[in-house]
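Hi everyone, thanks for coming. Let me put the model on the screen, and then we can walk through it together.

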Amino acid sequence: MMTDNQIEFALNDHFYDFVDDWKHKFYFLVGGYGSSKSYHVAVKLIEKLLEEKRKALVVREVFDTIRDSCFDLLEEVANAMGVEDYLQFTSSPMQVRFKNGSKIIFKGMDKPVKLKSLNGVSIVWIEECSEVKYMGFKEILGRLRHPTMSNHIILSTNPVSKGNWCYKYFFQDKKEHVFVLDDELLYKNRVVVIGKTYYHHSTVDDNYFVPKDYIEQLDDLKTHDQDLYRVARLGRFGVNGRLVLPQFVVMPDEDIRAAMKAVKQPLEKNGMDFGFVTSYNAVVRMLIDHDNKILYLYDEYYSRDKTDPEIAQDIEKWKDVLIKADCAEPKAIKYYKQKGFRMKACKKFQGSREVYTKKVKRFRSIVCSDKCKNIIDELQDLTFAVDKDGEIIEDEFNIDPHTLSAIWYGLDDYEVSDLKGGGMRTLGS
Ligand SMILES: Nc1ncnc2c1ncn2[C@@H]1O[C@H](COP(=O)(O)OP(=O)(O)OP(=O)(O)O)[C@@H](O)[C@H]1O
Ligand SMILES: [Mg+2]
């Protein structure tokens with residue numbers, strides 16, 4: 001199949017191994033803009049389908065984006081490889097047919113019914129996989145099972161936020177206690193294999209085929225868009241948007257205990273948010289150093305899908321501490337009181353979410369015990385939601401932070417700046 005054009009065709013060094021490797025089930029390519037991920041996935045696919053008669057499926061979230069991206073790219077790559085005579089590109093239906101019977105088909109996840117046609121497919125390329133919904137990925141995973149050939153899923157994407165399913169699935173999900181790979185290790189080693197997954201990290205520096213001014217444009221992002229700089233230039237996962245609690249720090253549990261002991265007039269506060277089947281029950285135990293404007297978060301309770309009697313049993317040890325709970329659940333509060341808990345309904349009012357959030361933001365420092373995994377998971381990277389103009393919404397967040405609600409309720413009668421010196425007054429009130 002080699003032709004005269006072969007000489008003009010070159011790969012980027014960093015992708016050599018990836019293109020030839022078929023030992024793994026998953027290939028996860030993450031990187032910055034223009035790092036040549038898509039290009040080399042196209043090369044990998046075409047080479048494989050020239051070698052073996054196989055059917056491959058190319059998937060994107062939105063079908064209408066496929067033609068200008070994957071389909072055109074495959075054609076560009078076939079030309080560069082000099083194999084265009086072996087391939088036939090047809091528009092309706094959008095397909096690539098190989099002389100040896102191999103075939104590439106294309107699907108958008110926005111038209112899910114058609115995914116049934118995974119019959120005979122042994123390779124799937126999910127382009128911009130962070131745009132695809134987790135359900136969609138799981139569906140592909142479940143249906144890809146060619147009986148005689150090895151099955152492969154190639155995923156390529158720019159790194160979006162750590163809240164995206166592909167970070168949670170391929171790296172870590174603190175809330176679900178999933179740990180697969182530390183993304184920092186991938187940035188350092190560039191290629192990592194864990195279990196069935198081949199991870200590959202790249203930036204525009206790995207691509208010899210981009211003009212210099214393109215790289216300069218990406219460099220310029222540093223001064224005016226930090227988030228985009230991280231994604232586009234560095235190709236790293238992170239937090240997109242404005243942090244709600246930039247003063248949040250994590251401290252070893254024994255250190256926080258010692259620090260709390262040294263507080264002169266400690267104020268004790270506890271808050272509780274009730275969950276439902278899909279949301280979580282959260283209790284947060286707090287101690288305030290009013291003079292120094294420090295909020296200590298030193299213990300937590302966190303669960304889902306439990307009945308009040310079960311929760312009551314779980315937090316039995318805190319029966320004697322005053323817990324301010326969500327006033328929207330009077331029946332639940334009544335139940336706990338009957339069981340002997342010192343529980344009280346918090347105060348809420350129109351706009352209290354925003355007011356309470358601003359109050360928490362006024363602490364100079366928010367120190368959390370490293371024991372409180374769920375508080376850390378929810379609050380460390382918590383960002384404000386934005387409206388369609390990109391403006392911050394002061395009482396909406398990227399996730400539903402149950403521990404923040406618990407903190408709001410627990411602090412409902414506390415004022416960070418007003419209450420000078422009269423700290424003890426609210427202890428247990
Ligand atoms: N081996 C190659 N030979 C010639 N051109 C290449 C090669 N690799 C990449 N390029 C060119 O570099 C550019 C960027 O590549 P590509 O679109 O694959 O990057 P990407 O990592 O998918 O970027 P993005 O994250 O923005 O989707 C494209 O114009 C592509 O044609
Ligand atoms: Mg791409």
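Let's start with the shell around ligand 1: its residues divide into 5 nonpolar, 9 polar and 3 charged. Here Ala, Val, Leu, Ile, Met, Phe, Trp, Tyr, Cys and Pro count as nonpolar, Asp, Glu, Lys and Arg as charged, and the others, Gly among them, as polar.

Quick housekeeping: this is a predicted model, where local features need pLDDT of at least 70 and side-chain atom pairs count only at pLDDT 80 or more, while totals for chains, interfaces and linings use all residues. Residues are numbered from 1 along each chain as its sequence is written, chains are lettered from A and ligands numbered from 1 in the order written, and side-chain values use heavy atoms, without hydrogens and water.

Back to the ligand. In total, 17 residues surround ligand 1, with Ala10, Lys37, Ser38, Tyr39 and Asn158 the closest; surrounding means having a heavy atom within 4 Å. Which helix gives the most to this shell? That is α2, residues 37–51, with 4 residues; helices are DSSP runs of H or I, at least four residues, and strands are runs of E, at least two, numbered from the N terminus.

Now the polar contacts, pairs of N or O atoms within 3.5 Å. A polar side-chain atom of lysine 37 lies 2.7 Å from an oxygen atom of ligand 1. For glycine 34, a backbone N or O atom lies 2.9 Å from a ligand 1 oxygen atom, and serine 36 also has a backbone N or O atom 2.9 Å from an oxygen atom of ligand 1.

Methods
A polar contact is a pair of N or O atoms within 3.5 Å; within protein, one must be able to donate a hydrogen and the other to accept it, and residues adjacent in sequence count only if both atoms are side-chain atoms.
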